[in-house]
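Hello,

Here is the structure I said I would pass on. Please have a look at it first; my notes follow below.

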Amino acid sequence: MTSKLTTGLVLAASLTAAHAGSGLYYVPNDTEESIPIKWSVGTNLTWDDNTSPGGVNDGDENVSINPYVGVSFVAVTPQTTWDVYARLGLVYYFDDLAGTSDDTFSSSRAGVNLTHRFNERLRFTSRNFISYEMEPDYSYGFASSRQNSEYLYWQTDNSVGYRWSERVATYTGIQFMGLEYDNIANADRTTWTAYNQFRYQLSPQSVLTASYRYSETSADGLASDSTNQYLLAGIEHRFSPNTILVANAGAQFRSVDGIGGRDSTSPFLELALRSQINTQFGIRAFTRLGMEDYDTVVQSGPGLAEYSDKLTLRVGVSGDYQVSKFLGFFGGVDVITSSFDDGTFVTGPVGTSAPGADEAIVNAYIGTSLRFTDTITGSVTYNFTNSDSDVIGRDYDRNRVSVGVQAEF
């Protein structure tokens with residue numbers, strides 16, 4: 001019979017195969033029971049006082065409607081677990097957005113996750129996600145400035161885990177990711193990452209990890225390709241059955257091609273926490289500090305500048321509190337700070353140094369949900385965003401109020 005310690009090791013190994021498979025909030029969790037097909041259909045009506053923030057039409061007020069339909073299910077057998085979900089929707093603005101003749105945009109995403117256990121020692125994990133939408137979702141770790149353009153984001157992460165002994169296991173995998181904007185130059189990225197993680201079960205509650213990641217990013221237009229390597233030490237600790245911490249810290253070694261490209265070494269940190277305090281109150285949190293490949297070409301004075309070093313700190317907290325069966329509250333905040341350094345002009349005075357820049361974005365929301373019947377729920381949400389930036393055209397405030405209704409069956 002497999003010991004509790006060994007079971008804990010195999011479970012923990014399965015939990016972190018995809019270090020960013022479901023966004024920065026991701027804290028892995030094995031599903032133990034099947035969940036039948038659940039359908040949802042609903043719509044949101046949103047007032048937005050700034051649909052073109054930071055641009056020449058900053059402050060353009062508009063109203064939109066967001067109808068959608070969703071489906072999800074989980075199928076669990078002793079060997080295989082499937083987790084499938086999809087939400088197809090669109091956003092229709094009653095007035096055309098400033099700077100574009102379009103008034104209808106996609107708001108869709110889907111995911112398929114698979115875990116197959118060949119035996120007690122060997123398992124395969126695949127996490128797959130795709131979205132085609134417009135509004136930035138800060139929890140996925142690439143959005144910063146607001147763009148009036150739809151983007152296609154996809155990611156697939158596939159890995160094999162093997163338990164070598166009662167306490168030692170490894171996870172080895174490869175991840176592919178793509179980001180493509182419809183109407184934004186120099187923003188597209190394609191990245192592949194190979195990784196290996198050694199795991200040591202310190203106790204039934206704690207697993208120590210040591211990881212190496214190698215990543216190559218191909219960039220679009222004036223943006224340069226880059227290579228990143230990571231050496232990380234970490235811990236996964238279960239404080240209680242309902243509170244889990246996953247943390248990694250170490251060094252990031254970065255090499256950037258192009259006119260102003262250079263090699264650099266910087267600290268790297270990622271942390272995710274999930275806690276269900278009680279049956280009513282749950283919270284999630286994340287932190288990530290590191291050099292990013294996204295949004296590295298920006299306007300600076302007489303031209304566009306590319307920054308080899310964009311050190312970004314992302315922090316997010318979200319929570320929900322269920323007052324009763326019918327009434328609940330939810331809220332959260334994202335804070336993103338970026339330092340643009342080692343910049344070189346790629347238009348205008350090409351090849352000359354560009355001044356550094358700092359940027360801070362705060363995005364906060366609060367809302368309430370009210371269950372009218374067993375299947376129908378209404379919601380009201382207020383969202384505030386502030387961007388304080390040295391980058392030209394990226395200072396703005398934005399307020400949004402959304403009223404929605406959803407049916408599940």
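Is Asp395 buried, partly exposed or exposed? Its relative accessible area is 40%, so Asp395 counts as partly exposed. Please keep in mind that this is a predicted model.

Asp395 sits in the loop that runs between strand S20 (376–389) and strand S21 (396–408). On the surface, Asp395 belongs to a patch of negative charge.

Overall build

The protein has 21 strands and one helix. Its radius of gyration is 22 Å, which agrees with the value near 22 Å that a compact globule of 409 residues would have. Taken along the principal axes, the C-alpha atoms fill a box of roughly 70 × 55 × 30 Å. Of the 409 residues, 47% count as buried.

Salt bridges

Side chains of opposite charge can pair when their charged atoms come close. The structure holds 14 salt bridges, and a few are described here.

Asp48 and Arg398 meet through their side chains in a salt bridge, with 2.5 Å from N to O. Asp48 lies in strand S1 (residues 35–48) and Arg398 in strand S21, so this pair ties together parts that are 350 residues apart in sequence. Both ends are covered: Asp48 is buried, with a relative accessible area of 4%, and Arg398 is buried, with 3%.

A second salt bridge joins Arg109 and Asp137, whose closest N and O atoms are 3.2 Å apart. This pair links distant parts of the chain, 28 residues apart: Arg109 is in strand S5 (residues 108–117), and Asp137 is in the loop between strand S6 (122–133) and strand S7 (151–163). With a relative accessible area of 23%, Arg109 is partly exposed, whereas Asp137, with 18%, is buried.

Arg213 forms a salt bridge with Glu270, and here the closest N and O atoms are 2.5 Å apart. Arg213 belongs to strand S10 (residues 206–219) and Glu270 to strand S13 (residues 263–276), so to speak of sequence, the two are 57 residues apart and link distant parts of the chain. Arg213 and Glu270 are both buried.

Regards

Conventions. Residues are numbered from 1 along each chain as its sequence is written. This is a predicted model: local features need pLDDT of at least 70, side-chain atom pairs count only at pLDDT 80 or more; totals for chains, interfaces and linings use all residues. Side-chain values use heavy atoms; hydrogens and water are left out. Patches are made of residues with over 30% relative accessible area and no salt bridge: like charges are joined within 9 Å, nonpolar side chains (Val, Leu, Ile, Met, Phe, Trp, Tyr) within 5 Å. Accessible areas come from the Shrake-Rupley method with a 1.4 Å probe; for residues, only the protein chains shown count as cover. A salt bridge is a side-chain nitrogen of Lys or Arg within 4 Å of a carboxyl oxygen of Asp or Glu. Lys and Arg count as positive and Asp and Glu as negative; His and the chain ends are not counted. The place of a charge is taken as NZ of Lys, CZ of Arg, CG of Asp or CD of Glu. Helices (H or I, at least four residues) and strands (E, at least two) are DSSP runs, numbered from the N terminus. Buried means under 20% relative accessible area, exposed over 50%, partly exposed in between (1.4 Å probe, protein chains only). The radius of gyration is taken over C-alpha atoms; the globule rule is 2.2 Å times the number of residues to the power 0.38.
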